[in-house]
Amino acid sequence: MSFELKIFPAGYIQTNAYLLSNLDTKESVLIDAPHSVWDDLDPVLSENGCTLKALFLTHGHYDHIGDAARIQKMGVPVYGHKDDKIFYETPEVMRSYSYPPDMTLEPVMIDHWVDQGDVVPMLGEPVEIRHIPGHCPGNILFYFKNLKASFVGDALFAGSIGRTDLPRGDFPTLEKSIKDQIYTLDHDTVVYPGHGPQTTVGQERGTNPFVQA
């Protein structure tokens, strides 16, 4: 099958949104939905003749869910982890650390709660869910094993890790999540983070200065 991945840094702090499309079946999935990302996605979906089948949310922080309610209203089902329910359904709790402080924070109601070990069929592929708390309680990764791709939200970055100083963050929890759930993926798995460039599991296992294998 022929797959295409497009990356859209969007929103006020350039949060990565990932549009993964199966060009044979004309189906797409979006991973994370920063503010205004739909304006960039819509022309690409139209050009490829693809239908957006799902929105996968790696976690509930405001910069990852800014366009989620807008997309959900188009009939797109949304997936997320229950431990971030308060962020999804009551985003005003993030007002004190959102940027800009007067930004629109619209609730999104998750259609499908997923958890550690779940496998979601999407685009003709099995997608494994791994729970990776620490940056926030409900951070999860979406692992497309056959495509050697993992979408990890803000748990791990190229040469760095997610913040743990925000409410409900915890470094020991994040460290354990990275070691147990990300570093155990195949070494050549590409890591697609919530901000910045992609990396690989092997690269981070060998060189990440914050969490060593």
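Me: When do two strands pair, and how many bridges join β10 to β13?
Reply: Two strands pair if DSSP finds at least two bridges between them. In this predicted model, strand β10 covers residues 149-153 and strand β13 residues 190-193, and the two run parallel. Within β13, V190 is the bridge partner of A149. The number of bridges joining β10 to β13 is four.

Me: Which strands stand at the edges of the open sheet, each with a single partner strand?
Reply: The open sheet has six strands with mixed pairing, in the order β7-β8-β9-β10-β13-β14. A strand with a single partner has one side left without a neighbour in the sheet, so the strands at the edges are β7 (119-122) and β14 (199-200).

Me: At about what angle does helix α5 run to β8?
Reply: Helix α5 spans residues 171-182. This helix lies across β8 (125-131), β9 (140-144) and β10. Its angle to β8 is about 150°.

Me: Which element gives the largest share of the largest nonpolar core?
Reply: This core has 31 residues, and L19, L30, L52, L55 and L57 touch the most other members. Elements giving two or more residues to the core include β1 (3-10), β2 (15-22), α1 (37-48) and β4 (51-56). The largest share is five residues, and it comes from α1.

Me: Which residues is L30 in contact with, leaving aside its neighbours within four places in sequence?
Reply: Contact here means heavy atoms within 4.5 Å. With those neighbours left aside, the partners of L30 are A17, Y18, L19, L41, L52, A54, L55, F56 and I71.

Me: How many residues are in the second, separate core?
Reply: Among the members of this core are V114, M122, L123 and F142. The size of the second core is 20 residues.

Methods:
Residues are numbered from 1 along each chain as its sequence is written. This is a predicted model: local features need pLDDT of at least 70, side-chain atom pairs count only at pLDDT 80 or more; totals for chains, interfaces and linings use all residues. Side-chain values use heavy atoms; hydrogens and water are left out. Axes are lines fitted to C-alpha atoms, for helices over the stretch in contact, and angles run from 0 to 180 degrees between N-to-C directions. A nonpolar core is a set of buried Ala, Val, Leu, Ile, Met, Phe, Trp, Tyr and Cys residues joined through side-chain atoms within 4.5 Å. Buried means under 20% relative accessible area, exposed over 50%, partly exposed in between (1.4 Å probe, protein chains only).
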